[in-house]
Amino acid sequence: MEVQNVLILGESSRRALIGALRILADDPRVRLHFGVTGLNFSKRALLSSYPEVGVFHLDFRSPELFVGSLLDLVSNIGPYIILPSDEYWLRIILANRQVLEERGIRMRCPEEAIYARVSDKGSFASLCQEQGLEVPHECDFPKSYSFPFVVKARRLEKSAGILEYPFLVENQKAFSLLQKKNIDISKHFCQQLIVGPSYYYCAFYDKGKLLFNFSQINLCQQPGGKSVIKARPASLPDGICNKIDSIFADLEWDGVIMFELKQDLSSGRYYAIECNPRLWGPSMLCIDNGLDIFSPLCFLPPKNLGNPDKIAGYLWTSGYIEGFFTGLKMKSRFQSFDEPPSLPRVRYKSVWWRKDTMVYAMAETLTVILKGLRSVFAGKP
């Protein structure tokens, strides 16, 4: 049996990657490696239960140095597969795909132009409208705050004056913070804010053919529409799912996607928000409900995880603490919604407070509290 070398970009979201450790670390088909800038206490805590995972230095100081360090790694571990995680560095990999593949470095992801069409917020909105999916109404940049809206960069660019993430403007305080950012308006657009719960349609495609999918409702998000901290399995209308599948069939998509929709509380209609064509934060929810999304990213058949005795929900407890401090800064509240009464009961499982990551859970909680306190005191006169 040929063993696959698999590289995790350790500077990416830990919540997006913990599933890879739990699924792949003890898989005889895989030899797992962690690529990081260095090993601090937090990373050591994360890997403390996984001594078999190799740790290697990658240079994230520039795209050129990063690609060079990926190529150098081949001499240490041989050809390998990269899991698609961090958005910015993933695009650097795609832009250099030919030279990387010549050295035996692969990643299950579509070509750069197709990836960007789905990932960039401006082209994504157009793509959805072409397929008949509704998107939030686009509006002109308000000169003063009069209604809630969202500002998005049309394309992902790491440069001054361009937002790295969508910015929710829910009140005058958030509007003032937006003005201080001095963004380049010509490279952004505004959409009206949809008030209602967020849904994720998570799917895996093999050259456009749907292999499996999973849907969830996000019951609580951090203030400002940031990370999901509570979620559970839920269904979406077949018509919506079919339209999404049609988009990725036309694109001959290869790999994972997380397609976000919002359901308007007043009308019940669903609006396409964005798509993360890579691993996403609450990916453990798929695994806890018996779906292996990681093995296929290694060009391997998915593991049979069995049928869980009970439906599992997702909980990120440190996210509540982090969200509390974010809310203080932005004068904003958690986006919280009740579970639909038609759904069966679930047992919620913390992403971190488990046997293999107990040390990391304590380290993250302490880090979040200290960072939050620093931000509060720094903001005082």
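Start by selecting C220 and S336: C220 stands opposite S336, which sits in strand β16. Before moving on, a word about what's on your screen: this is a predicted model, where local features need pLDDT of at least 70, side-chain atom pairs count only at pLDDT 80 or more, and totals for chains, interfaces and linings use all residues. Residues are numbered from 1 along each chain as its sequence is written, and side-chain values use heavy atoms, with hydrogens and water left out.

**Stop 1: strand β11 and its partners**

Stay with β16 (residues 335-336), which runs antiparallel to β11 and is joined to β11 by two bridges. Strands here are DSSP runs of E with at least two residues, helices are runs of H or I with at least four, and both are numbered from the N terminus. Two strands count as paired if DSSP finds at least two bridges between them.

Now select residues 198-206 and 209-221. These are β10 and β11, an antiparallel pair with nine bridges. Look for Y205, which stands opposite L210 in β11. Two residues lie between the strands of this hairpin, and K207 in the turn has a positive phi of about 50°.

What phi does G224 take in the hairpin of β11 and β12? A positive one, near 80°, and this hairpin has six residues between its strands.

**Stop 2: the cores**

Select L21, L24, L32, L83 and F294. They have the most contacts inside the largest nonpolar core, which has 51 residues. Such a core is a set of buried Ala, Val, Leu, Ile, Met, Phe, Trp, Tyr and Cys residues joined through side-chain atoms within 4.5 Å. Helix α1 (residues 14-24) gives the most to this core, with seven residues. Another core lies apart from it, with 50 residues, including C109, Y199, W253 and C275.

Zoom in on L21. Skipping neighbours within four places in sequence, L21 is in contact (heavy atoms within 4.5 Å) with I8, L32, L46, L47, Y50 and V53.

**Stop 3: V36**

Head to V36 in strand β2 (residues 30-36). Is V36 buried or exposed? It counts as buried because its relative accessibility is 2%; buried means under 20% relative accessible area, exposed over 50%, and partly exposed in between, using a 1.4 Å probe and protein chains only. Leaving out neighbours within four places in sequence, the contacts of V36 include G10, E11, K43 and V55.

**Stop 4: the cavities**

A cavity is a set of points, on a 1 Å grid over the protein atoms alone, where a 1.4 Å probe fits but cannot get out, and lining residues have an atom within 4 Å of a point. There are two cavities of 30 Å³ or more.

Select I82, I93, R97, L100, E101, I105, R106 and M107, which line the largest cavity. About 50 Å³ of space lies in this one. The largest share of its lining, three residues, comes from α5.

For the second largest cavity, about 30 Å³ in volume, select C202, A203, F204, F212, N213, F214, W280, C286, L291 and I293. You'll be back at the first stop: β10 and β11 are the elements that give two or more residues to this lining.

Technical notes
On a 1 Å grid over the protein atoms alone, a cavity is a set of points where a 1.4 Å probe fits but cannot get out, and a pocket is an open set with protein on both sides within 12 Å along at least five of seven lines; lining residues have an atom within 4 Å of a point. Grid points are joined across faces, edges and corners, and a volume is the space filled by probe spheres set on the points.
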